[in-house]
Amino acid sequence: MTVTRQKSITKPPTVKPTLKKKRVVSPEVMEKGRIGLEKWRKAKAAAKLKGGKALQLWEIAEKLKKELKNTSPLQAIRNFCLQCVETRDDITNCTSYKCPIYIYRPYQESNET
Ligand code: SF4
């Protein structure tokens, strides 16, 4: 009796093609975006027309808006607390337990009792 060995052929993993869902944006959102862009272009054109300091201020404001978009939630909470109180120690010693971000405030002492 002869024993035949079966060759184990490993099949490459089959990759199912994933269909990317087409992003659907509602017409209301599209309209809102169009209006916002139009408003922004008008403001830019007005600043350019005025020139000088008005243009500089507009550019600074736009740069600030761009930077604020990159703010992380933690940075946002820290900034919010720094608007409320003045120093880091004030945030640490904050006693406004009813504040909605009280438990998320930065600079908390780790071994509070
Ligand atoms: S947690 Fe305290 S410091 Fe921060 S915003 Fe609230 S009250 Fe102000």
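The following legends describe close-up views of a predicted model.

Local features are given where pLDDT is at least 70 and side-chain atom pairs only at pLDDT 80 or more, whereas totals for chains, interfaces and linings use all residues. Residues are numbered from 1 along each chain as its sequence is written.

**View 1. Overall arrangement of the protein.** The secondary structure consists of four helices and zero strands, in the order α-α-α-α along the sequence. Helices (H or I, at least four residues) and strands (E, at least two) are DSSP runs, numbered from the N terminus. Of the 113 residues, 1% count as buried. A residue is buried if 20 or more other C-beta atoms lie within 10 Å of its own, exposed if 12 or fewer, and partly exposed in between, with C-beta atoms placed from the backbone.

View 2. Helix α1 (residues 27–50) has 24 residues and should span 34 Å at 1.5 Å a residue; its end C-alpha atoms are 35 Å apart, which agrees. The expected span is 1.5 Å times one less than the number of residues. The count of buried residues in α1 is zero. G51, which follows α1, has a positive phi near 65°. The 18 residues of α2 reach 26 Å from the first C-alpha to the last, close to the expected 26 Å. Because the number of buried residues in α2 is zero, this helix lies largely in the open.

**View 3. Packing of α1 against α2.** Helices α1 and α2 (residues 52–69) pack at an angle of about 145°, and their axes are 6 Å apart. Axes are lines fitted to C-alpha atoms, for helices over the stretch in contact, and angles run from 0 to 180 degrees between N-to-C directions. The residues of this contact divide into five nonpolar, one polar and three charged. Ala, Val, Leu, Ile, Met, Phe, Trp, Tyr, Cys and Pro count as nonpolar, Asp, Glu, Lys and Arg as charged, and the others, Gly among them, as polar. A43, K44, A47, K48 and K50 in α1 meet G52, A54, L55 and W58 in α2; contact requires C-beta atoms, placed from the backbone, within 7 Å. K44 is partly exposed, with 14 other C-beta atoms within 10 Å. The C-alpha atoms of K44 and W58 are separated by 7.5 Å, although these residues are 14 apart along the chain.

View 4. The residues around the ligand are F80, C81, C84, V85, I91, C94, S96, C99, I101, Y102 and R105, each with its C-beta atom, placed from the backbone, within 6 Å. By class, this shell has nine nonpolar, one polar and one charged residues. Helix α3 (residues 73–84) gives the most to the shell, with three residues.

**View 5. Backbone at Y107.** Y107 lies in the segment after α4 (88–92). Its phi is positive, about 60°, although Y107 is not a glycine. Y107 counts as partly exposed because it has 14 C-beta neighbours inside 10 Å.

How values were computed:
Two residues are in contact if their C-beta atoms, placed from the backbone, lie within 7 Å.
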